[in-house]
Amino acid sequence: MRAALLMFGSAMAFGLMAIAIRLATAHVPTQEVAFFRNAFGLLALLPVLLRPGHAPLRTRQLPRYLLRSAIGLASMLCGFWALGHLPLSQAVSLSYSTPLFVTIAAVLWLGETVRVRRWAAVIAGFIGVLVIVRPGAHGFQAGSLVAVSAAMLSALVSIQIKQLTRIDGPDTVVFYTYVFWVPLSLLPALFVWTWPTGIAWLWLLATGILGTIGQLLWTRALRLGEVSALTPISFTQLPLVVLLGWLLFGETLDHWTLLGAAIILAANAYIAHREAVLARQRRKLAP
């Protein structure tokens, strides 16, 4: 129950962060939103990681963190642009395609074995992506490919995190990611810099705080519970974003987006279930 509540809190935090990003991009460029999200996120993280009694944040993998942060920043910029310029329901639905790309990357990068049932789920998930994007159809938006690119890059980050956490703890991974993210995200922001004014500061502060809260709750939920049980709970972010998108921006949920999102979420739930089953089998066989 505790893990489920933590995952639900994480989904709500990430959903509210998506709304804050949409509101912030109305005032400042996407690159600047990413910088302030990272800067305020690091400030919100420091009291948690540097409190008395917390384990030292040491690492020997700084070059890997630099690569992970660079790819993660590219994914963040694409994802933030999608949240700022696409219908929120579409941007968030396409972000759920990340686990599909993770499965492919795990095969190519880590040499993992994926059998027929998981490949079938991946194919079904990509059908859901095509239903949302609808290439060649009247409703096709080229910007939707930016959201798909964000998911693809995020999958590479997930693989790198899996490698980093073999040596470092999750809090160490989060800390050094932010340490690199802040200066890396400042560079593109300087080329389009516009000083925020008034309410924009509130939305920028909210992106950092909510993003950090979401990450901390997410890592702690996965430490306590099984991925297969928690993954469906993370999908509650979508109805929250759809509701707030309707209330704040007058957006309606397109039936193609709803159908595609349902296919993607079902595929993700099955992939998470199969991974949990295989993990339990490996633990039983381990000496």
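Reader: Does Tyr178 count as buried or exposed?

Author: Start with the cut-offs. Buried means under 20% relative accessible area, exposed over 50%, and partly exposed in between (1.4 Å probe, protein chains only). Tyr178 has 1% relative accessibility, so Tyr178 counts as buried. This is a predicted model, in which local features need pLDDT of at least 70, side-chain atom pairs count only at pLDDT 80 or more, and totals for chains, interfaces and linings use all residues. Residues are numbered from 1 along each chain as its sequence is written, and side-chain values use heavy atoms, with hydrogens and water left out.

Reader: Where is Tyr178 found, and what does Tyr178 touch?

Author: Tyr178 is found in helix 8, which covers residues 170–190. A helix here is a DSSP run (H or I, at least four residues), a strand is one of E with at least two, and both are numbered from the N terminus. Contact means heavy atoms within 4.5 Å. Set aside residues up to four places away in sequence, and Tyr178 touches Arg37, Asn38, Gly41, Leu42, Leu45, Gly211, Thr212 and Gln215. Tyr178 and Ala39 are 139 residues apart along the chain, with 7.9 Å between their C-alpha atoms.

Reader: What does Phe180 contact?

Author: Phe180 also has its place in helix 8. Beyond its neighbours within four places in sequence, Phe180 is in contact with Leu62, Tyr65, Leu66 and Ser69. Its C-alpha lies 9.5 Å from that of Leu67, 113 residues away in sequence.

Reader: Is Ala82 buried or exposed?

Author: Ala82 counts as buried because its relative accessibility is 2%. Its place is in helix 3, residues 62–85. Neighbours within four places aside, Ala82 is in contact with Ala91 and Ala147. From Ala82 to Ser144 is 62 residues in sequence and 7.1 Å in space, C-alpha to C-alpha.

Reader: How does His273 count by relative accessibility?

Author: His273 is at 38% relative accessibility, so His273 counts as partly exposed. His273 lies in helix 12. The C-alpha atoms of His273 and Leu230 are 9.9 Å apart, across 43 residues of chain.

Reader: Let's step back. How many helices and strands are there in the protein?

Author: The protein has 12 helices and zero strands. From the N terminus on, the elements run α-α-α-α-α-α-α-α-α-α-α-α.

Reader: What radius of gyration does the protein have?

Author: Take the rule, then the case. The radius is taken over C-alpha atoms, and the globule rule is 2.2 Å times the number of residues to the power 0.38. For 287 residues, a compact globule would be near 19 Å, and the protein has 19 Å, which agrees. Its C-alpha atoms fill a box of roughly 60 × 55 × 35 Å along the principal axes. Of the 287 residues, 49% are buried. Among contacts with a separation of 6 or more, 90% join residues 24 or more positions apart.

Reader: At what angle do helix 1 and helix 9 pack?

Author: Axes are lines fitted to C-alpha atoms, for helices over the stretch in contact, and angles run from 0 to 180 degrees between N-to-C directions. Helix 1 (residues 2–24) and helix 9 (residues 200–224) pack at about 155 degrees, their axes 7 Å apart. Helix 1 is therefore roughly antiparallel to helix 9. The labels go by angle: under 35 degrees is roughly parallel, over 145 roughly antiparallel, 65 to 115 roughly perpendicular, and the rest oblique. The crossing of helix 1 and helix 9 is left-handed. A crossing is left-handed if the near helix is turned anticlockwise from the far one by less than a right angle, and right-handed if clockwise.

Reader: Which classes do the residues of the contact of helix 1 with helix 9 divide into?

Author: They divide into 21 nonpolar, six polar and two charged. Ala, Val, Leu, Ile, Met, Phe, Trp, Tyr, Cys and Pro count as nonpolar, Asp, Glu, Lys and Arg as charged, and the others, Gly among them, as polar.

Reader: How far apart are the axes of helix 1 and helix 11?

Author: They are 9 Å apart, at an angle of about 30 degrees, and helix 11 covers residues 237–249. Helix 1 and helix 11 are therefore roughly parallel to each other. Their crossing is right-handed. The contact of helix 1 with helix 11 has 12 nonpolar, three polar and one charged residue.

Reader: At what angle do helix 4 and helix 12 cross?

Author: Helix 4 (residues 88–95) and helix 12 (residues 255–285) cross at roughly 20 degrees, and their axes come within 9 Å. That makes helix 4 roughly parallel to helix 12. The crossing is left-handed. Ser89, Gln90 and Ser93 of helix 4 make the contact with Thr257, Ala261 and Ile264 of helix 12. By class, that contact has two nonpolar, four polar and no charged residues.
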